[in-house]
Amino acid sequence: MSWASSLAMRAVRIYQLSREGKPSPCRYFPTCSQYALESYEKHGFFKGSLLSAKRIGRCNPFGSSGVDPVPEVFSLRKSK
Amino acid sequence: MSVIGQILNPIFEAIAGLLAFYYGLVHDYSLAIALLTISVMIVLSPLTIKSTRSMLEMQRIQPEIKKIQAKYKNDKIAQQEALSQLFKENKVSPAGGCLPMLAQFPLLYVMYEVIRGLSNTVGPHNTASPKYISHTTLLYHNLIASHGQMQSLGINLSETATRVHGFTSALPYYLVIAIAVVLQYLQMAQLTRKNPQAAAANPQAQMLQKYTPIIFAVIYISIPAGVNLYFIVSALFRIGQQELMYRHDPVLKKHLQASAEARLAGTEAIEHSKPAGGGFKALWSSIKESAEKEQEPKPKPKPSGDFGATGRKSNNNGYKKPSTGGQKRPGQSRPRSPGKNDKRGG
């Protein structure tokens with residue numbers, strides 16, 4: 001794993017720790033932060049960041065919701 | 001001024017203008033900041049009400065999510081189907097989302113920047129030169145007269161706690177921080193206290209909840225007291241809002257009733273909700289444990305082709321790997337801190 005993605009993952013972990021115990025506002029499963037961790041792990045820093053940014057972008061009151069896992073194959077188009 | 005500063009400048013001016021307006025009315029810095037905070041919270045409340053409601057609904061079905069995760073530990077597809085079904089059945093209506101929640105952080109930056117900008121001083125003689133507001137406002141004149149100091153409640157609201165020298169003069173600043181931290185904790189606890197069922201499913205998160213205010217305190221000592229005042233007023237507002245919601249919101253009333261019934265059904269589950277002994281010690285050992293896990297060499301990905309199109313990193317995801325020390329979620333890539341994944345911020 002590149003130093004960039006491990007640094008990014010650490011930042012996400014700190015964020016998660018700071019929100020520990022509060023109910024999650026996330027519309028999706030896994031939550032956006034968990035999604036970010038998984039996408040960094042699967043797709044590396046650049047693609048992982050893009051995927052995570054897209055995920056946070058759709059996690060708004062007008063987006064969809066439900067189960068939304070990290071895609072196995074990187075693609076910026078809508079899955080399914 | 002930075003690029004971000006330039007983009008946000010109209011927002012700074014709008015907030016500072018509102019502050020100047022309130023200051024013109026009440027002639028007091030802390031009251032003006034309080035009024036400003038309340039205005040901002042009222043504007044945001046349609047959003048916060050909806051997202052609080054959906055957050056609590058999600059929290060309510062959390063134990064069931066855990067059950068499904070445990071049941072379909074080794075079958076990711078079946079797990080997803082079962083979870084989709086659960087969301088549909090319970091009609092969880094997510095109204096908020098991570099994006100609106102993250103939008104609060106720029107707002108904090110705006111508050112910080114406005115207070116810093118208003119108390120801006122230039123030159124060797126610390127001549128006040130407030131930014132963002134019109135030179136004709138009372139706020140501007142008074143800031144010039146006071147050399148950028150915002151004296152109210154016996155403290156200078158534009159000063160940070162760490163820069164005040166002397167125990168007695170710094171004490172009120174730390175008092176403001178303490179009040180902010182306590183209120184923030186109370187607001188958080190209010191959300192979880194009403195739902196012991198969900199809390200019982202996640203004792204470790206509850207324990208951590210007690211210590212997260214320390215993280216906030218570290219941030220608070222390095223920002224102006226006026227921003228901490230913003231935190232205090234907004235926490236008070238949120239506590240009041242949540243209490244009103246619990247009393248009058250039909251969806252939440254149903255939610256509370258359901259959780260009260262569940263409480264009667266299984267009191268022993270709540271017994272477990274108490275953090276397992278030795279508060280700080282237990283927390284420390286859990287952090288140590290997760291740090292040790294991190295240092296563990298990760299298993300090399302085997303091209304076993306057992307999962308997905310590529311099969312890469314299938315081991316890291318733990319789909320096939322036997323559980324390593326209480327790993328609870330198959331989809332979780334890094335089993336650093338098992339058993340507290342479900343209530344994490346999104």
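Predicted model: local features only at pLDDT ≥ 70, side-chain atom pairs only at ≥ 80, totals over all residues.
**Chain B overall.** I checked burial next. Of the 346 residues in chain B, 47% are buried. Then I looked at contacts with a separation of 6 or more: in chain B, 67% of them come from residues 24 or more positions apart.

**Helices 6 and 11.** I picked out helix 6 (residues 104-118) and helix 11 (residues 225-248), both of chain B, which pack with their axes 9 Å apart and at an angle of about 140°. That angle makes helix 6 of chain B oblique to helix 11 of chain B, because roughly antiparallel would take an angle over 145 degrees. The crossing of helix 6 past helix 11 in chain B is right-handed. I listed who makes the contact: helix 6 of chain B brings B:Gln104, B:Leu107, B:Leu108, B:Met111, B:Tyr112 and B:Ile115, while helix 11 of chain B brings B:Gly226, B:Val227, B:Tyr230, B:Phe231 and B:Arg238.

**Rings.** I got seven aromatic pairs over all chains. I opened up B:Phe21 and B:Tyr22: their ring centres are 5.5 Å apart and their planes are at 55°, so I logged the pair as tilted. B:Tyr22 has 16% relative accessibility, so it goes down as buried; the cut-off is under 20%.

**Charge over a ring.** Over in chain A, which ring does the charged end of A:Arg58 sit over? That of A:Tyr28, with the charged end 5.7 Å from the ring centre.

Note on methods
Residues numbered from 1 in each chain as written. Chains lettered and ligands numbered in written order. Heavy atoms only, no water. Phe/Tyr/Trp six-rings, centres within 6.5 Å; stacked < 30°, edge-to-face > 60°. Buried < 20%, exposed > 50% of the residue type's maximum accessible area, 1.4 Å probe, protein only. Lys NZ or Arg CZ within 6 Å of the ring centre and 35° of its normal. Axes fitted to C-alpha atoms, helices over the stretch in contact; angles between N-to-C directions. Helix = DSSP H or I, 4+ residues; strand = E, 2+ residues; numbered from the N terminus. Parallel < 35°, antiparallel > 145°, perpendicular 65-115°, else oblique. Left-handed = near helix turned anticlockwise from the far one by under 90°. Contact = heavy atoms within 4.5 Å.
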